[in-house]
Amino acid sequence: MFSAVGPPVTVRVPAKINLHLAVGDLRPDGYHDLVTVFQALSLTDEVTVTAAVPGAIEPGVSVGAADGVDVSEVPADTTNLAWRAVEALGRRVDRAPDVRVGLRKAIPVAGGMAGGSADAAGALLATAGLWRLDLGRDALMEVAAEVGSDVAFALHGGTALGTGRGERLVPVLSRHTFHWVVAVADHGLSTPTVFGELDRLRARPEAPRRVGDVEPVLEALASGEARSLALLLGNDLQAAAVSLDPGLRRTLRAGVDAGALAGVVSGSGPTCVFLCDGHDAAVRVAAELAGAGVCRTVRVAHGPVPGARVVDGHGGS
Ligand code: C5P
């Protein structure tokens with residue numbers, strides 16, 4: 001069936017980091033309950049959704065890179081999470097996924113910054129715009145949560161407290177801008193493998209220490225004090241990521257040696273992020289870290305930034 005659609009819709013969508021990531025025990029469904037504080041960073045992918053030519057069945061995904069990101073591992077076919085998001089939306093509104101999705105990636109791939117989830121969120125919002133759906137934010141968030149644990153946050157953006165699998169979100173007051181240096185590794189880590197490694201480490205007598213309560217993190221965010229926040233950054237997955245990739249210890253040390261206030265593995269890694277005392281400090285830390293030979297590439301970013309938003313085309317009603 002052919003239905004009229006408008007011109008392509010392009011959505012910009014941010015990477016996330018976890019300022020606090022407390023991981024609970026393994027659940028029967030294979031997931032872990034989380035208490036996490038997400039922040040969206042100014043490192044963004046662009047997702048363009050175009051109506052497929054009627055009759056010419058060529059659905060799928062094409063992938064391009066911005067900023068020298070290595071996209072060789074990103075599937076350019078219907079196994080891509082962005083495509084699964086389009087299919088999930090199609091099921092929701094009983095419509096065939098008659099679109100093509102184009103990705104322009106600047107978020108590190110398999111880096112613990114939810115790049116795949118960001119693309120899925122972008123594809124959802126762009127397809128909803130292209131199809132001129134009147135779905136509402138809550139329904140879109142529901143489809144997002146079905147597609148992956150981090151997809152809802154990529155739509156939400158800003159700073160948020162996540163619980164459940166990470167898909168249940170409450171906005172967190174964070175009026176100030178924080179400045180970050182992002183150290184991108186030359187390889188990825190698989191999220192399920194890192195969660196599995198944490199379960200393995202926790203089964204041993206010398207289990208890694210768990211991160212503390214989230215409340216002080218929320219207070220530091222409300223105060224806007226980078227120095228207070230720096231003392232509280234914590235990630236239960238860090239021990240697992242470092243266990244799988246011991247070189248991350250050197251990366252974390254190098255960022256602090258370069259003048260960052262603190263560093264932490266982002267999500268399941270291997271990307272490390274460093275909180276800095278302002279933009280100029282971040283630029284200095286980035287330059288020094290780039291010369292330290294501990295990562296593939298270095299970026300300066302700030303957060304919080306908004307979640308997925310339409311930058312070109314129809315923004316829905
Ligand atoms: O939800 P998503 O597909 O992004 O999760 C990828 C994998 O990460 C899951 O299959 C699971 O192994 C792990 N995971 C987890 N607990 C979470 C989120 C993800 O164990 N809360």
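One salt bridge is counted between domain 1 and domain 2. The term requires a side-chain nitrogen of Lys or Arg within 4 Å of a carboxyl oxygen of Asp or Glu. Arginine 210 pairs with aspartate 25, with 3.2 Å between the closest N and O atoms.

This is a predicted model, in which local features need pLDDT of at least 70, side-chain atom pairs count only at pLDDT 80 or more, and totals for chains, interfaces and linings use all residues. Residues are numbered from 1 along each chain as its sequence is written, and side-chain values use heavy atoms, without hydrogens and water.

The domain assignment of the protein gives domain 1 as 9-172 and domain 2 as 178-303; such bounds come from an automatic or database assignment. Their C-alpha centres are 23 Å apart. Contact means heavy atoms within 4.5 Å.

| Part | Residues in the contact |
|---|---|
| Domain 1 | 33 residues |
| Domain 2 | 38 residues |

About 2500 Å² is buried between the domains, 60% of it from carbon and sulfur atoms. Buried area is the accessible area (1.4 Å probe) that two parts lose on being put together, summed over both.

Across the interface, 16 residue pairs are in polar contact, both residues at pLDDT 80 or more. Such a contact is a pair of N or O atoms within 3.5 Å; within protein, one must be able to donate a hydrogen and the other to accept it, and residues adjacent in sequence count only if both atoms are side-chain atoms.
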